[in-house]
Amino acid sequence: MCLALAVVVGMLASLLVAVPDMARDLRATESELQWIMNAYGVTFAGLLLLGGALGDRYGRKGVLLTGLIIFALASGTVVWTDDVNLVIVLRGLAGVGAALVMPMTLSITLHVYPPDERGRAVGIWSGVSFGSALLAVLMAGGLLEAYTWRSVFAANAGLATLALVVAAILAPTSKNAESVRLDAMGGLLSVVGVGALVFGIVEGPESGWSDRAVLAGFTVGATGLAAFIGWELRSAQPLLDVRVFRIRGVAAGSLVIITESIAMFGFFFLGLQYLQQILDYSPMRSGLALIAMAAGAMVFSPAAPSLAQRCGSRAVMVLGMVLIAAGLGLLATTVDGGGIWPFLGSTTLLGAGIAFAATPATEAIVTTLPAEKQGVASALNDLTRELGGVLGIAVLGSVFNTTYRSETGDAVRGLSPEAAEATRGSLTGALRTAAELGGRPGARLADAAREAFDSGMANALLGGIAIVVLGAVAAVTLSLFQPASGEHELDTSTEQRGSW
């Protein structure tokens, strides 16, 4: 299950390293590159709840194997594809497969382990879910040292095939003991609502928040989610009983995962650029620089459940959020000229913070719903992570872009409109313009652009700290009140749901 999880989580991270080579080889525009990245996330997040429900209804092993087949075929086909639009379509198809795989990995794990061992199993799963993204960067960096960007897709397809074979042999078959009707309308509304919302979030920073397509995405997303909630409240057999968020453990756990994912994915998005464009690291060295973060997440995650038993889940989650805020703060104060050692220190704190915050939060979500709803419980946990990741890149990326464009305002005076826009658009464009200018003017422009990047990254990290602190305070406030007797279990009967 961890191998299958690592494949679908690591796909997006590994592509971050391969995108520059893809841009040169495929002659893709900035908009096309963005959708090569985001097509996967839109379908992935949009179909998670439906994927979890399909596993509960028709069998988790079968849905897992189907998802791995789709993922492997879509990723492998990219190797022989030269058309950008087809690459985008295949990326979206791979996201469909990932949406079937990811919730099944956790629900099958929960089915296999007895209750007294599930905390440790969830800890291992949580550590792999974050650590695998960083290890994927290292893998992609190593491949790109010797091969083309197509090797990254070939490796992902090969690992998915390996996971398929092993899961076919070892994974047990499980599903809901009672044959219940699949909530097809709820599934459709969740796909429309979440998919459109994610579309608006990922397109906003590129096209502008007032762009018609972005506004349409938010409008359709809000309407779809409102319709989903209304439908689920009236349905006798809902895809996701939204009343579950009245349970404080679910509400607090979801809030913790969303906020720490916003901070972590925002850091991940900016950190790779910092390593490669400010510290001038190769893709391979960039991956190695993130090993401390992966090690922190994977080492401390199995220990988090036992610590939560001794000190309480609330205390452990707060400890994790404090460590994340400390890691972001250390990097924010040293990003301007700090070098690699402060970066390694901050990533170690971030990895440990992930372990202590996410593991008890995940356990709080997945242990609340009954056994026959574990697919949906796992999908809910995964969905909070995906939405947090998309929000992190969009929100913190917007803070960074706003600061960067403002800081480069004086430096672009006297440049042609095209050169000025290229400089304000990205550090890569600024350095290219500086190289074309040459001499002292080029050197001054390059220095100003790097300083603007450092300022933008520092402000974005401070924004991440604010989000983490607010999330921790809100989660603690929710969990201060002890749940009523029996509240940790969700009775999905019509009578019980009516009493709620």
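**Surface, fold and side-chain pairing in the predicted model**

The accessible surface of the protein comes to about 20100 Å², and 64% of this area belongs to carbon and sulfur atoms. Areas were computed by the Shrake-Rupley method with a 1.4 Å probe, and for residues only the protein chains shown count as cover. The structure is a predicted model, in which local features need pLDDT of at least 70, side-chain atom pairs count only at pLDDT 80 or more, and totals for chains, interfaces and linings use all residues. Residues are numbered from 1 along each chain as its sequence is written, and side-chain values use heavy atoms, with hydrogens and water left out.

The fold has 19 helices and 0 strands. These elements are DSSP runs numbered from the N terminus (helices, H or I, at least four residues; strands, E, at least two). Of the 500 residues, 54% are buried. Buried means under 20% relative accessible area, exposed means over 50%, and partly exposed lies in between (1.4 Å probe, protein chains only). Among contacts (heavy atoms within 4.5 Å) between residues at least 6 apart in sequence, 81% join residues at least 24 apart.

Confidence was examined by pLDDT, the predictor's confidence in each residue, from 0 to 100. The protein averages 79, and 90% of the residues score at least 70. Helix α3 (residues 60-78) has the highest mean, 93, whereas helix α19 (residues 494-499) has the lowest, 40. Over residues 481-500 pLDDT stays under 50, and the model has 36 contacts beyond four places in sequence for this stretch.

A nonpolar patch lies on the surface. Its members are L3, L159, L162, V165, V166, I169 and L170, with about 620 Å² of accessible area together. Patches are made of residues with over 30% relative accessible area and no salt bridge; like charges are joined within 9 Å, and nonpolar side chains (Val, Leu, Ile, Met, Phe, Trp, Tyr) within 5 Å. Helix α6 (residues 150-170) gives the most to the patch, with 6 residues. V165 lies in this helix. V165 counts as partly exposed because its relative accessibility is 45%.

L290 sits in the loop between α10 (283-289) and α11 (291-300). The residue is buried, at a relative accessible area of 1%. Beyond four places in sequence, L290 contacts L134, V137, F268, L272, L275, F343 and T347. L290 and F268 are 22 residues apart in sequence, with a C-alpha to C-alpha separation of 9.3 Å. T347 belongs to helix α14 (residues 340-366) and is buried at 0% relative accessibility. With residues up to four places away left out, T347 touches F267, A289, L290, A292 and M293.

Side chains of opposite charge can pair when their charged atoms come close. A salt bridge requires a side-chain nitrogen of Lys or Arg within 4 Å of a carboxyl oxygen of Asp or Glu. The count is 3. R150 and D25 meet at 3.5 Å, N to O. R150 lies in helix α6 and D25 in helix α1 (residues 2-26), so the pair ties together parts 125 residues apart in sequence. D82 and R150 meet at 2.5 Å, N to O. This pair links distant parts of the chain, with D82 in the loop between α3 and α4 (84-112) and R150 in helix α6, 68 residues apart. R150 is buried at 15% relative accessibility, D25 is partly exposed at 44%, and D82 is exposed at 57%. R450 and D447 meet at 4.0 Å, N to O. Both lie in helix α18 (residues 439-479), 3 residues apart, about one turn of the helix.
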